[in-house]
Amino acid sequence: DLYCGLGAISLYLADTVKKVIGVESHARSVELARENAADHGTVNCSFFALDVMEALEGDFIATHEKPSIVILDPPRAGLHPRVVSLLLEAAPGKLVYTSCNPATQARDLGLLQERYQVASVQPVDMFPQTWHIESVATLRLRNV
C-alpha cells in the first residue's frame with residue numbers, strides 16, 4: 001500500500017490477504033498506522049516511513065518480497081515519473097490506483113499502459129454537493 005497514510009486501506013484489506021506492507025513518507029502517519037493496526041489486533045500489516053521511490057528502487061522489495069498487488073493513493077499531483085518507471089520495472093500483477101485528482105490519474109494511467117491494461121475505473125462521490133470525487137482504477141499486467 002503505497003502512500004498508505006494512517007493505514008486505512010491496509011487495515012481494510014488485512015483480513016483478505018497474507019500480508020500488507022504500507023509505505024508512507026510522513027513518519028507521524030506511520031506511527032499512527034502502527035497504532036491503528038495494534039488497536040484492531042491486526043498482525044499481518046507492517047508500516048514503513050519511507051519515500052515511495054526508496055521503497056521501489058532499493059532492496060526493499062527483495063527484503064519484503066515482490067508484491068502481487070500494489071495499492072496506490074498518491075497526493076493530488078499524482079505519481080512522480082520515477083515512481084511510474086519503478087512500478088513498470090517491478091511489474092506486480094495488479095495495481096489499484098485511488099485518486100482525488102482524475103486529471104493526474106488519467107495522465108498516470110496513460111503512462112502505465114506501457115505494461116498494464118486498465119480493467120476498470122470507478123468514480124466515487126465522497127463529497128456530495130462539491131465537485132470533488134475520488135476515482136478508483138484497477139490495472140492488470142499485460143502478458144508481454
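A: Start with burial: at 3% relative accessibility, Ala14 counts as buried, where buried means under 20% relative accessible area, exposed over 50% and partly exposed in between (1.4 Å probe, protein chains only). This is a predicted model, in which local features need pLDDT of at least 70, side-chain atom pairs count only at pLDDT 80 or more, and totals for chains, interfaces and linings use all residues. Residues are numbered from 1 along each chain as its sequence is written, and side-chain values use heavy atoms, with hydrogens and water left out.

Q: Where does Ala14 sit, and which residues does Ala14 touch?

A: Helices (H or I, at least four residues) and strands (E, at least two) are DSSP runs, numbered from the N terminus. Ala14 is placed in the loop between α1 (8-13) and β1. Contact means heavy atoms within 4.5 Å. Not counting residues up to four places away in sequence, Ala14 touches Val20, Thr42, Asn44 and Cys45.

Q: How should I read a pocket?

A: Rolling a probe the size of a water molecule over the atoms shows where empty space is left. On a 1 Å grid over the protein atoms alone, a pocket is an open set of points where a 1.4 Å probe fits, with protein on both sides within 12 Å along at least five of seven lines; lining residues have an atom within 4 Å of a point. Grid points are joined across faces, edges and corners, and a volume is the space filled by probe spheres set on the points. Here the largest pocket holds about 560 Å³ of space. Its lining has 23 residues, and the closest to the centre are Lys19, Ile21, Pro67, Ser68 and Ile69. The elements giving two or more residues to this lining are β1 (20-24), α3 (52-57), α4 (60-64), β3 (69-72) and β4 (94-99).

Q: What classes of residue make up the lining of the largest pocket?

A: Ala, Val, Leu, Ile, Met, Phe, Trp, Tyr, Cys and Pro count as nonpolar, Asp, Glu, Lys and Arg as charged, and the others, Gly among them, as polar. The lining of the largest pocket has 15 nonpolar, 2 polar and 6 charged residues.

Q: What is the volume of the second largest pocket, and which residues line the second largest pocket?

A: The volume of the second largest pocket is about 200 Å³. Its lining consists of Asp1, Tyr3, Cys4, Gly5, Ala8, Ile9, Glu24, Asp73 and Pro75, which by class gives 5 nonpolar, 1 polar and 3 charged residues.

Q: How do I read strand pairing?

A: Two strands pair if DSSP finds at least two bridges between them. β3 and β4 pair in the parallel sense over 4 bridges, with Ile71 opposite Val96 in β4. β4 and β6 run antiparallel and are joined by 6 bridges; Lys94 stands opposite Arg140 in β6. Strand β5 (residues 116-124) also runs antiparallel to β6, over 8 bridges, and Tyr116 has Leu141 in β6 as its bridge partner.

Q: Why is β4 largely enclosed by the rest of the structure?

A: Because 5 of the 6 residues of β4 are buried.

Q: Which residues of α5 are buried?

A: In α5, these are Val83, Val84, Leu86, Leu87, Leu88 and Ala90. The buried residues of α5 pack against α3, α4, β3, β4, α6 and β5. Take Val83, in helix α5 (residues 81-90): its relative accessible area is 2%. Val83 is in contact with Tyr3, Val52, Met53 and Leu56, leaving aside its neighbours within four places in sequence. Just after α5, Ala91 takes a positive phi of about 50 degrees.
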